[in-house]
Amino acid sequence: MIAYKDLLLLLWLAHSCAQTEPQLATTTTTTSTTTTEATTTTASTVLEAGATIEAAIIATVVTPVVKPSGEAETTATTTTTTTTTQQPPAATTSDTHNNGSETVETGENVAPISTAIETENQTSSQVVNQEINRDNNSCQCREHPIKAGSWYCCNIPNISMISSCSNISKWTNLHVRNLTASSLDLSNSIYRSLHSLAMTNGNISQLINSFPRHSKIRCLDFSNNDILEIERRAVKDVPHLEFFGISNNLLSRVPNRNQNKNVALDISGNMRMLCEPLNEIIYTDSFIFVNPERSFCLYNATHKWFNSTDLVSVKQLESIKKCGTKCPNIPNYGNCSCNIYNIMIIQNDQSKTVCNVDCSNLGLIELPPQLPDNTFTLNISNNRISSLGDHFHTNPTYCNIVKLDADNNRISSIYEFEGTKFIEHFQRLYMRNNSLSKIPEYFLNNALMDTDGRRIYLAENRLQCDCNSAKTLQNWLKERSTDIPDYMDIRCRNLPQSVIELQESKLCQSPPDWTDYIYYLIAAEVILLLALITKVSYDYWVFKTAGYLPWPASKMPKLPCDWLCES
């Protein structure tokens, strides 16, 4: 028979462990120490008495047991044994009253509800732990339904759930999602036969040790795991590695280079990555970066008044290398020098490296044919260059230049800048001490319009000065005095003075010419005509009044029309 207390506890345990459904085996043995038959109260008796289950737990139950007359008094003791867990001690008191022929046994069982619940919680916890231990030692991975040798595992709290799988040595591809581990040992033998390993979207703090020597892994992906650190030699002995994905983690460095230099590396989303160690990787060609324009690192920039830490894209770090490796080498003249002297941070996470190319003092007669990518400044001063050519129109390596230093050359014209990208976005143009004969105000005026900070230096150029220089150029230079700071040092080659000193009254005089006397001739003709008209009028008046013609008219020969008039 099952005592009422045990029945109630079983009902509570079944309700609390409905999710796990543990199989509990409870055996109750009731032993009476007397020679008489012991009677216990069952749950049906309690229910028939109309008492509820809750009241039955806290009530004192008295069960009368009637003994035959003449038998000795005995003390009835009920013992309940459960095979699952420890039984809480029940307070049992047996009082024997002798009333002549009858003996009444009173048993008082008091079991507080808190003690029962605590006991059963312990039972449930032990059962669940047993289930967890059993699951931790069982394989939690499944084989891909189509691709043989490919397995996947989800929600893995312990790596033993993978290592306990059978035939693991025959696996070639493994994808684990939501793995939780403070550290992951890469030297585990379960990775030895794999060609592809992906552990994504989990919670792994660090990767320790390195893969076994001569590992067959070709594709390795540890993205989206919040990894803080990876062993420096983690992938050093993986000779066939082709892709290494560690995106969207919390890394500040990447492991050392692999034996294979053609490894694709994805570090996008690691916003704590440092630029300095990445530079070492770029210069040694250790990895090929995937998504370099969306992969950023922290760059410590030193400015004039302050220091800052900015995000710089890996693409720009790669261009730093190109600045050094693609520096112009001009046969018969020498080598230019190239260096990165600053990094220009631009809005919207777009950064530009500043590559400075110095080809000065080489005796060049033309511009270098090729420049490194992202060349922002070009110094060709102190050479013998006479023409800019069409480099700024057709050469793509010249399109990013914002500062051109061409002082002390023989350049005769800057019309080659018209219509180029350089003239649209330049910041500094140095053309001092060249052979410029004219300054094209019209397109320079457009380039300097509505812009701040642009400067053009034209000192010591000797222009061909004329009346137009005094009328137009002089006024334009005065208007653009901020944009052309050395305008007062622009001189004339045909006059011993600067452009700003020209006088329009002297320069705008034309040389003597017969057209200058045309007005005098016209005036003389008008005077003669008036004199002739006056003489004719006088002769006519004399003829009318005196009846004879004046002497000039009487001596004139007769014309044919005179005979006609006389006849």
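Guide: The model is predicted, so local features need pLDDT of at least 70 and side-chain atom pairs 80 or more, while totals for chains, interfaces and linings use all residues. Numbering runs from 1 along each chain as its sequence is written, and side-chain values use heavy atoms, without hydrogens or water.

Start with helix α13, residues 518–546 (a DSSP run of H or I, at least four residues, numbered from the N terminus). Lysine 535 and aspartate 539 meet in a salt bridge, 2.5 Å from N to O. These two lie four residues apart in α13, which means about one helical turn separates them. Lysine 535 is partly exposed at 34% relative accessibility. Aspartate 539 is buried at 14% (buried is under 20%, exposed over 50%, partly exposed in between; 1.4 Å probe, protein chains only).

Leucine 530 also sits in α13. At 52% relative accessibility, leucine 530 is exposed. It belongs to a nonpolar surface patch, together with Ile518, Tyr519, Leu521, Ile522, Val526, Leu529 and Ile533. The patch has about 790 Å² of accessible area in total.

Two other salt bridges follow. Aspartate 483 pairs with arginine 480, their closest N and O atoms 3.0 Å apart. Both of these residues are buried. Arginine 294 meets glutamate 293 at 3.7 Å, N to O. Glutamate 293 is partly exposed, at 37% relative accessible area.

Key: Patches are made of residues with over 30% relative accessible area and no salt bridge: like charges are joined within 9 Å, nonpolar side chains (Val, Leu, Ile, Met, Phe, Trp, Tyr) within 5 Å. Accessible areas come from the Shrake-Rupley method with a 1.4 Å probe; for residues, only the protein chains shown count as cover. A salt bridge is a side-chain nitrogen of Lys or Arg within 4 Å of a carboxyl oxygen of Asp or Glu.
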